[in-house]
Amino acid sequence: MGLILAVFCVISAWGLAYVYMFTQTQIAANGQIALENSTKEVLPASGQGRAVAVKARGYGGEIELLVGIDAKGVVSGLKVLNHRETPGLGANITGTKFLGQFKGKKAGDRLEAKKDIDAISGATISSRAVCFGVKEALKKTP
């Protein structure tokens, strides 16, 4: 019985490795295309500015953000690339109403949840993480 299970494990591992070898290039290419499309979404229509990728610690783990900052140092767009926040609570950080609050903000603004940014009810940690990420992106922009 143990030998049969071992054979199935070896065959399964070989199958997974085989599929990974033939798909890794396409997966990387698709990831690059998705990043380029996200960059276009957060930058102003003129394309002038910079997209800054940042990570912030949320309630469920890291939140990956892409922050568009125009040539004047003002946030032109924001997109959540990846997160593991609680569905129905922290996951609401991807909503346009919440993310839209950051447009027009600049380095001198407070960017604090429950002060100049309306936090999501029941998801204060996630809201604060996004605020922190946007602040970090603004600091990275000259």
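Visitor: What should I know before I start?
Guide: This is a predicted model, in which local features need pLDDT of at least 70 and side-chain atom pairs count only at pLDDT 80 or more, while totals for chains, interfaces and linings use all residues. Residues are numbered from 1 along each chain as its sequence is written, and side-chain values use heavy atoms, with hydrogens and water left out.

Visitor: How many residues does helix 3 have, and how far does it reach?
Guide: Helix 3, residues 124-140, has 17 residues and reaches 24 Å from its first C-alpha to its last, close to the 24 Å expected at 1.5 Å a residue. The expected span is 1.5 Å times one less than the number of residues, and helices (H or I, at least four residues) and strands (E, at least two) are DSSP runs numbered from the N terminus.

Visitor: Which residues in helix 3 are buried?
Guide: They are Ser126, Ser127, Ala129, Val130, Cys131, Gly133, Val134, Ala137 and Leu138. Buried means under 20% relative accessible area, exposed means over 50%, and partly exposed lies in between, with a 1.4 Å probe and protein chains only.

Visitor: And what covers them?
Guide: The cover includes strand 1 (50-57), strand 2 (62-69), strand 3 (75-82) and helix 2 (96-100).

Visitor: Take Ser126: why does it count as buried?
Guide: Ser126 counts as buried because its relative accessibility is 2%. Leaving aside residues up to four places away in sequence, Ser126 touches Tyr59, Ile63, Glu85, Gly90 and Ile93, where contact means heavy atoms within 4.5 Å.

Visitor: Changing topic, how many disulfides are there?
Guide: The structure holds zero disulfides, a disulfide being a pair of cysteine sulfur atoms within 2.5 Å.

Visitor: Are Cys9 and Cys131 buried or exposed?
Guide: Cys9 counts as exposed because its relative accessibility is 54%, whereas Cys131 is buried, with a relative accessible area of 3%.

Visitor: Which residues make the nonpolar surface patch?
Guide: Trp14, Tyr18, Val19, Met21 and Phe22 make a patch of about 610 Å². Patches are made of residues with over 30% relative accessible area and no salt bridge, with like charges joined within 9 Å and nonpolar side chains (Val, Leu, Ile, Met, Phe, Trp, Tyr) within 5 Å. Accessible areas come from the Shrake-Rupley method with a 1.4 Å probe, and for residues only the protein chains shown count as cover.

Visitor: Where does Met21 lie?
Guide: Met21 lies in helix 1, residues 2-42, and at 52% relative accessibility Met21 counts as exposed.

Visitor: How many salt bridges does the structure hold?
Guide: The structure holds six salt bridges, each a side-chain nitrogen of Lys or Arg within 4 Å of a carboxyl oxygen of Asp or Glu. One of them joins Lys79 and Glu41, with the closest N and O atoms 3.3 Å apart. That pair links distant parts of the chain, since Lys79 is in strand 3 and Glu41 in helix 1, 38 residues apart. Lys79 is partly exposed at 25% relative accessible area, while Glu41 counts as exposed at 52%.

Visitor: What about Lys139 and Glu136?
Guide: Lys139 forms a salt bridge with Glu136, the closest N and O atoms being 3.4 Å apart, and both lie in helix 3, three residues apart, about one turn of the helix. Lys139 is exposed, with a relative accessible area of 65%, and Glu136 counts as partly exposed at 22% relative accessibility. Elsewhere, salt bridges that share partners join Arg110, Glu112 and Lys115 into one network.
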